[in-house]
Amino acid sequence: MLLTWLIVLPVLGALPMFLAREQNARELKVWAFVVTLATVVASLPLWFSFAPGANGYAFSEAHKWVEFKDAAGKVYLNIGFNLGVDGISSLLILLTTFIMPIAMLSSWNYIQKRQKEFYIAMLLLETAMIGVFAATDLFLFYVFFEASLLPMYIIIGVWGGEEKIYATTKFVIYTAFGSLLMFVALLFVYFKTGAQNFDVVQLTAALAKARTLPVGDPGQLTRNAEFWCFWAFALAFAIKVPLFPVHTWLPDAHVQSPTPGSVVLAAVMLKMGGYGFLRIVFPFFPVAVAQYSNLFMIICVIGIIYGSMMAFVQTDIKKLVAYSSVAHMGTCMLGVFSMTTTGVQGGVYQMLNHGISTSALFLLIGMLYERTHTRLIAFYGGIAKSVPVFTTAFIIVTLSSIGLPLTNGFIGEFTCLLGGFLRNPMLGLLASTGVILGAVYMLFAVKRMFFGTIRREDLKHLRDLDGREKLVLAPLVIAIFAMGVAPTAFFDRIKPAAETYIGYSYTPEKEMKAAVVEK
Amino acid sequence: MMEWIVPHIPSREALESKMVLIPLFPFVGFLINGLFGRTFSKPFAGFVGTVAALSSFVVALMCVCHVHDTELGRAGLHVSYAKWLVTSDFSCSFGLYIDKLSSVMILVVTGIGTLIHLYSMGYMAHDRSVWRFFAYLNLFLFMMILLVLGDNILMTFVGWEGVGLCSYLLIGFWYEESKNAAAGMKAFVVNRIGDLGFLMGIFTLIAVFGTVNYVTAPVKGEGGSVTPQTTLDAKTKAVVVPQNPGLLDYTEALRLTYIKDEHSELPEKAELPKFATGGEKNTVSIPMSIPKGLGNSLAGLITLTCICLFIGATGKSAQIPLFVWLPDAMAGPTPVSALIHAATMVTSGIYMVCRLHSLFAFSETALLLICGVGAATALFAALIGLTQLDIKKVLAYSTVSQLGYMFIGLGAGAFSLGIFHVLTHAFFKALLFLGAGSVIHAMSNEQDMRKMGGLKGKLPWTFATMLIGSLALAGVPGTSGWFSKDNILATVLGRYNDTHNNLYLVFYIMGIVAAFCTAFYTFRLVFLTFFGENRSSEEVKHHIHESPWTMVLPLVVLAFLALAGGFLFGGMFIEEKSGGEAFEHLAIRNVPFHEEHSLHEAHTPNLILTGIVALLGIGLAFFRYGKGGNIPDPEKSNNLVYKASFNKFYVDEIYDALIVFPFCVISELLHWGMDIILIDGLVCGAAELVRNGSSLLKRIQTGLMNTYAFAILSGTVAFLIYLLIKVQ
């Protein structure tokens with residue numbers, strides 16, 4: 001029941017808030033923060049007592065949820081409230097619960113209007129996000145996947161910047177477009193294979209069986225059908241990651257979103273895309289994956305180089321970081337699509353890293369914005385002198401972002417690129433140019449913002465970080481170094497799951513063997 | 001010379017437990033100064049940093065004495081701590097490994113590091129944030145120690161990037177000037193370009209050998225642990241490899257299997273053999289999984305790996321085409337230039353090649369490339385050095401040029417001489433930089449040599465020590481610089497005698513011309529700075545003073561080493577007969593000569609030639625500048641070559657035009673053309689289409705009865721016509 005509790009806890013925490021009054025903003029903030037902290041505590045067993053069963057899932061639970069029967073009493077739609085986590089999803093849930101209190105604390109002064117509604121939206125968002133990673137029933141997964149859009153839509157749309165409506169509409173339509181296609185494909189797969197329910201393992205098995213049925217059999221999954229379904233799922237997840245060229249919603253959403261929204265968006269919501277590829281696309285459509293994984297690796301490489309070039313020319317620091325996300329997620333997905341154990345391990349690790357370092361960057365930018373109300377790089381210059389602690393923090397996070405050894409970024413980047421290189425050396429080489437480009441755009445921004453002489457009088461008296469802000473950043477900075485020095489525990493955790501997902505990968509010999517067994 | 005220390009050093013076991021202190025001292029120093037330095041007084045911050053460096057040096061010295069105590073036949077000290085990164089393709093730990101090769105480097109790093117910390121206490125005494133300076137400096141030592149002592153190439157890479165970071169921070173130490181911050185950034189980015197090569201090299205090593213460790217893990221034994229070595233079983237003639245072999249085990253096994261005669265290159269058909277391990281005699285299958293697209297010849301792959309790694313070295317060690325960052329790096333405080341950009345960090349490329357020299361030795365192509373790049377850099381940088389006016393810029397280009405000599409040595413297969421030049425260069429170049437710092441200090445931060453002159457009386461210690469350094473740099477026979485440079489050039493000439501490959505002759509001539517230039521620009525510096533009339537303003541003249549003892553003491557120590565270093569240490573590096581002595585002293589096996597006498601025949605003509613060019617260069621400098629001559633303004637000069645040399649042959653401008661500018665333009669174009677117009681145009685266009693389409697459709701619903709009636713009628717008629725056509 002642990003996972004159910006984890007999902008329900010934030011909603012339960014949000015319920016009394018509906019009754020509270022806006023005037024009690026301070027109490028509301030504290031309450032919301034306490035709820036997220038309680039969720040952190042509740043999620044700790046995911047790390048400490050993680051013991052996967054035979055099917056690779058730990059903390060599995062299954063509840064009947066929705067059952068439709070036709071006139072004859074035959075069940076034709078069976079949706080279960082089935083939960084369970086493997087090495088990958090448990091880490092992503094931990095990332096979610098770890099980031100949420102930080103995001104809450106960062107909203108302290110940033111959110112000034114409609115505070116009650118804001119914290120309710122954040123808590124609902126947390127429920128949806130945990131649900132996405134905990135669901136093993138794909139219908140349930142889809143429900144949470146969509147449910148997470150709504151609070152984010154509101155968070156950007158209500159508490160966002162000047163062009164919030166444009167940004168949030170773009171964000172929702174982009175993502176909803178992809179996920180609707182996915183929904184159609186999901187129903188197609190369900191009814192075509194005549195599966196008993198939406199359980200991911202059972203659906204995978206049903207699909208594998210449907211693939212081997214003889215031509216002409218009504219239940220047969222033709223290559224054509226597989227490719228269409230693959231693209232429907234892949235597009236949905238590619239938009240979420242986001243991969244080039246469906247990334248253009250991200251910079252707008254990030255720039256317009258309030259800091260806590262950006263943090264959650266970058267840290268957790270982007271990960272749903274990569275997670276979906278691993279969790280659903282790899283097992284479901286191995287033939288299509290085998291055919292297109294090279295294409296996707298090329299897309300990732302383009303994303304890395306293109307994202308870096310875009311980041312380089314930005315004048316808004318937040319937009320720069322948003323584009324750097326495109327590049328980083330490109331690296332991450334390169335590892336995943338390399339279909340090597342090291343690459344997938346690195347890809348998942350890079351998801352966590354990106355969650356930590358990009359969140360930290362967004363937090364820092366938010367803190368600066370609170371002081372000066374601008375994010376234009378050209379506005380700043382030389383502020384290292386007036387805000388030394390802030391500068392130190394920013395540089396540490398920058399180093400993590402550009403993958404300096406002994407920070408988490410290095411481990412993720414190195415293993416992703418190694419995976420890519422072992423699969424295809426040329427693509428590995430091209431992707432590794434991101435190592436140079438990352439340093440170019442980040443250090444260029446650092447130079448323009450922090451070094452040189454202070455030209456503006458008001459910047460000379462900029463306030464340095466206060467206690468709360470240090471508290472917000474400290475866990476992230478600690479995580480940056482801890483994960484850079486001791487990645488082994490994470491890699492061990494990820495390994496079995498990674499091997500499972502790669503194990504689905506298609507080879508002609510494997511299919512022949514399966515066909516023989518079937519006969 | 002270390003005999004008297006030996007009885008006092010702790011046992012092997014005790015040393016193994018103390019080894020961690022070598023990196024730990026500077027790291028703790030960094031933490032103390034970094035976290036609390038703000039509250040310290042200036043001298044105390046310097047004291048903390050210097051003591052940390054000194055303590056590290058003392059521990060390192062004890063370990064080195066132990067490693068070099070050959071009477072007991074002791075192998076390297078090797079300690080492996082926690083696992084760091086374990087994947088299915090490779091795994092590595094945090095481990096420290098002091099063998100004979102790394103012991104030379106560790107002494108240079110901590111020893112000269114300590115001297116420069118001491119010097120900095122004087123030099124930086126008036127700076128606003130001394131604590132920050134010493135924190136960075138200690139962090140640098142820590143990273144450099146990881147680079148040198150890491151027991152796997154990934155640890156080396158950690159140090160490699162780490163020193164790059166410290167270099168970035170220290171070049172931009174006075175960040176309030178935008179120029180300094182820009183120089184720091186340039187250094188980091190250019191180094192990253194090289195690091196890309198290094199990364200590819202590591203990837204191919206993992207792909208081919210499935211390991212990043214240099215040697216196998218240590219095995220606990222009586223009185224301390226031992227690292228098992230790869231050997232040839234005398235009886236069965238079988239190659240005996242330890243469990244979980246490291247990179248050096250593989251190369252040694254390949255050498256024992258394939259390199260029978262004098263040839264050093266791996267045959268085209270070589271494969272990784274299945275090795276019989278010691279004791280149990282079970283075979284180990286080698287995880288060799290050469291990925292598609294890399295070819296399948298082991299020899300070819302090794303060449304590829306070596307070239308990738310060498311690209312990494314060209315970045316950190318400032319070789320063509322990536323040398324452009326080093327002259328700009330002079331924006332940092334002068335002690336930084338001495339420690340990082342002359343004595344230690346920039347030589348890590350040479351160290352890395354030597355660390356894997358047994359791999360490089362297999363590839364003649366890679367070695368030839370290294371030799372060529374080294375020779376070209378040595379000459380090119382020396383030519384630029386001829387006309388520079390900034391005292392630190394002269395020394396910077398001289399450093400680039402001298403690093404070129406080191407690579408010439410490596411490329412000629414004389415790995416031990418490359419390391420020897422690292423050592424002597426560390427002495428005399430650190431000395432020269434510190435001397436220049438002392439001059440700059442005295443001249444109220446003036447760096448333009450046109451405004452100096454006549455300082456020999458006012459700065460006697462600085463003058464005397466810098467003169468010694470200059471003699472060594474110019475390669476005057478008997479000085480330490482002469483020992484190493486002369487032997488490197490002799491090896492190149494020997495290589496030519498041996499192989500009759502004309503390229504070696506070309507490289508040799510380039511080296512000789514560069515040596516002439518070196519002698520000239522070095523003494524141009526000496527004459528302009530210390531002789532003739534003082535050309536500074538009255539105000540500056542008034543303040544000229546000799547530096548405090550903290551600055552003079554390091555100068556004296558380094559001057560002694562620069563003068564006598566060749567006699568003291570030469571025996572460790574210079575081989576009378578190839579393949580013997582260097583291995584005993586350094587665990588380095590130089591590439592052997594086909595004919596032993598090739599090298600011997602090269603010595604005498606080379607000795608005469610290098611002696612002549614050194615004296616000629618000094619003579620010419622005396623003739624031109626000896627009486628404190630005036631320098632024409634290079635910008636106004638009509639001599640195009642002179643002007644080009646002063647402007648560094650416009651390399652920066654060319655890079656800007658060919659790489660930086662197009663990158664900016666393409667990025668900007670893509671941003672507008674691709675992201676905003678094309679992709680967002682399509683996305684928003686689709687949205688517009690839906691909206692406009694629906695507003696069009698909206699108009700159909702007019703609510704007028706006659707319109708609807710007309711529509712129904714037309715529909716019916718059209719349907720009837722369709723039916724009629726279909727029936728026919």
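Predicted model: local features only at pLDDT ≥ 70, side-chain atom pairs only at ≥ 80, totals over all residues.
Biologist: A:Ala378 first: buried or exposed?
Modeller: A:Ala378 counts as exposed, because it has 10 C-beta neighbours inside 10 Å. Residues are numbered from 1 along each chain as its sequence is written, and chains are lettered from A and ligands numbered from 1 in the order in which they are written.

Biologist: Where is the place of A:Ala378 in chain A?
Modeller: A:Ala378 sits in the loop between helix 15 and helix 16 (388-401) of chain A. Helices here are DSSP runs of H or I with at least four residues, strands are runs of E with at least two, and both are numbered from the N terminus.

Biologist: Switching to the interface. How many residues of chain A are in contact with chain B?
Modeller: 43 residues of chain A, and they meet 42 residues of chain B. Contact means that the C-beta atoms, placed from the backbone, lie within 7 Å.

Biologist: Which helix of chain A gives the largest share of that side?
Modeller: Helix 18 of chain A, with 13 residues. Among the helices that each supply at least two residues are helix 13 (286-313), helix 15 (341-372) and helix 17 (408-423) of chain A.

Biologist: What is the make-up by class?
Modeller: The side of chain A that touches chain B has 28 nonpolar, 13 polar and two charged residues. Ala, Val, Leu, Ile, Met, Phe, Trp, Tyr, Cys and Pro count as nonpolar, Asp, Glu, Lys and Arg as charged, and the others, Gly among them, as polar.

Biologist: Back to helix 17 of chain A. How many of its residues are buried?
Modeller: 16 of its 16 residues are buried. Helix 17 of chain A reaches 23 Å from first C-alpha to last, close to the 22 Å expected; the expected span is 1.5 Å times one less than the number of residues.

Biologist: Now chain B. How many helices and strands?
Modeller: Chain B has 26 helices and six strands. Of its 728 residues, 55% count as buried. Its C-alpha atoms fill a box of roughly 115 × 80 × 60 Å along the principal axes.

Biologist: In which sense do strand 1 and strand 2 of chain B pair?
Modeller: Strand 1 (residues 77-86) and strand 2 (residues 91-98) of chain B pair in the antiparallel sense over seven bridges, where pairing takes at least two DSSP bridges. They form a hairpin with four residues between them, and B:Ser80 stands opposite B:Gly95 in strand 2 of chain B.

Biologist: At what angle do helix 16 and helix 17 of chain B pack?
Modeller: Helix 16 (residues 415-442) and helix 17 (residues 460-474) of chain B pack at about 145°, with their axes 9 Å apart. Axes are lines fitted to C-alpha atoms over the stretch in contact, and angles run from 0 to 180 degrees between N-to-C directions.

Biologist: How many charged residues are in that contact?
Modeller: The contact of helix 16 of chain B with helix 17 of chain B has no charged residues, seven nonpolar and seven polar. Those in helix 16 of chain B include B:Phe428 and B:Gly435, and those in helix 17 of chain B include B:Met466 and B:Gly469.

Definitions and conventions: Contact = placed C-beta atoms within 7 Å. Buried ≥ 20, exposed ≤ 12 C-beta atoms within 10 Å, placed from the backbone.
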